[in-house]
Amino acid sequence: MADRDLPLLLVRHAVAEDSNALGDEARALTPQGRAAFRQHAKKLARLTPLMGIITSPLVRAVQTAELLADALGLSHVEVHPALVPMKGAARHVLKLARDVGPGWALVGHNPSLERAAALALGQALPDKLRKGCAVALRPEGRAFTLQWMAAPGRSLRRP
């Protein structure tokens, strides 16, 4: 499969603990969230190969990215500040998506990932971006089209 034929994935982190004594940035995946996403990552790996993964530096996103990397047989996950949840993050995520192009997964948080997808598509996603959900986008010039959405424990959704 040629790089240009690969999708760009936007992946919301898996289910994490509600709080952590060290703060929001340190919230880790729950054992159930880790197990569910490990299975989901295997499904994602069967759907498409990827060249790389870029993640938010927050613990729950890094852990999600590492599970995805393991399923894909990738040895490295890059951390990028554009994926930190903050005001205006959707535009940073979309810029990063355009910069890296197809064949990459961006792992981050809501609402910034859902808003970035809506900006990329010119419309809202057809479903909620649940925890652990992956959205496959096909770049077409400066715009994108939706290929599919895949959430843990749910069937693949195509437009």
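**Briefing: cores and overall fold**

The largest nonpolar core has 26 residues, and those with the most contacts inside it are Leu10, Leu106, Leu125, Val135, Leu137 and Phe144. A nonpolar core is a set of buried Ala, Val, Leu, Ile, Met, Phe, Trp, Tyr and Cys residues joined through side-chain atoms within 4.5 Å. The model is predicted: local features need pLDDT of at least 70, side-chain atom pairs count only at pLDDT 80 or more, and totals for chains, interfaces and linings use all residues. Residues are numbered from 1 along each chain as its sequence is written, and side-chain values use heavy atoms, with hydrogens and water left out.

- A second, separate core of 23 residues includes Ala14, Ala41, Leu44 and Ala105.
- Beyond its neighbours within four places in sequence, Leu125 is in contact (heavy atoms within 4.5 Å) with Glu114, Ala117, Val135, Leu146 and Met149.

**Fold**
- The protein chain has 4 helices and 6 strands, as DSSP runs (helices H or I, at least four residues; strands E, at least two).
- From the N terminus, the order is β-α-β-α-β-α-β-α-β-β.
- Residues 24 or more positions apart account for 62% of the contacts with a separation of 6 or more.

**Extent and burial**
- The C-alpha atoms fill a box of roughly 45 × 35 × 30 Å along the principal axes.
- Of the 159 residues, 48% count as buried, meaning under 20% relative accessible area with a 1.4 Å probe, protein chains only.

Conventions
Buried < 20%, exposed > 50% of the residue type's maximum accessible area, 1.4 Å probe, protein only.
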